[in-house]
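Here's a quick briefing for anyone meeting this chain for the first time. Take a look at the sequence and the model, then read on.

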Amino acid sequence: MTDRIKLGILGNATIARKCVIGAIQKSRNGLVHALGTRSPADAAEEVAAENGIGNVYDGYDAVLADPAVDAVYTLRKKEDETGEEHVIQAADEYLSLIHI
């Protein structure tokens, strides 16, 4: 089996917690390596512990700068101006990007 793609998740929204993270962790070729959040870190730490995520970052920039991250999954709302900023930053870092 080939190495799993290490994903960084930008955001700790309900869709991430209830749908995205579990689906990636159960997949054969994906692994959530890092979770970045702007909300209180305690909530993200709990989600990470429940899902076997080894890295929790306070903010998104650290996820994008993590050299172990192969791709980024961003859950930012369209009206959130920082969402576009992080999409551009991910591209600048040569990371693959999944944006919903």
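Residues 24 or more positions apart make up 64% of the chain's contacts that have a separation of 6 or more, where contact means heavy atoms within 4.5 Å. Keep in mind that this is a predicted model, where local features need pLDDT of at least 70 and side-chain atom pairs count only at pLDDT 80 or more, while totals for chains, interfaces and linings use all residues. Residues are numbered from 1 along each chain as its sequence is written, and side-chain values use heavy atoms, with hydrogens and water left out.

**The overall layout**

- You'll find four helices and five strands here; helices (H or I, at least four residues) and strands (E, at least two) are DSSP runs, numbered from the N terminus.
- Going along the sequence, the pattern reads β-α-β-α-β-α-β-α-β.
- Out of 100 residues, 39% count as buried, and buried means under 20% relative accessible area, exposed over 50%, and partly exposed in between (1.4 Å probe, protein chains only).
- The chain's accessible surface is about 6000 Å², with 51% of that belonging to carbon and sulfur atoms; such areas come from the Shrake-Rupley method with a 1.4 Å probe, and for residues only the protein chains shown count as cover.

**Strands β1 and β4**

- Strand β1 (residues 5-10) runs parallel to β4, and four bridges join the two; strands pair if DSSP finds at least two bridges between them.
- L10 sits opposite T74 in β4.
- In β4 (residues 71-74), A71 and Y73 point one way, V72 and T74 point the other way, and all are buried.
- In a regular strand, side chains alternate between the two faces of the sheet.

**Helix α1**

- α1 has 13 residues and spans 18 Å from first C-alpha to last, close to the 18 Å expected at 1.5 Å a residue (the expected span is 1.5 Å times one less than the number of residues).
- A kink of about 35° is centred on V20, with the bend taken as the angle between axes fitted to the seven residues ending there and the seven starting there.
- Its buried residues are A16, V20, I21, I24 and Q25, and their cover includes β1, β2 (30-37), α2 (41-51) and β4.

**Two residues to look up**

- N12 lies in the loop between β1 and α1 (14-26) and is buried, at 9% relative accessible area.
- Beyond residues up to four places away in sequence, N12 touches several others, including R17, L35, T37 and V47.
- V56 belongs to strand β3 (residues 55-58) and is partly exposed, at 22%.
- Leaving aside neighbours within four places in sequence, V56 contacts L35, A44, E45 and A48.
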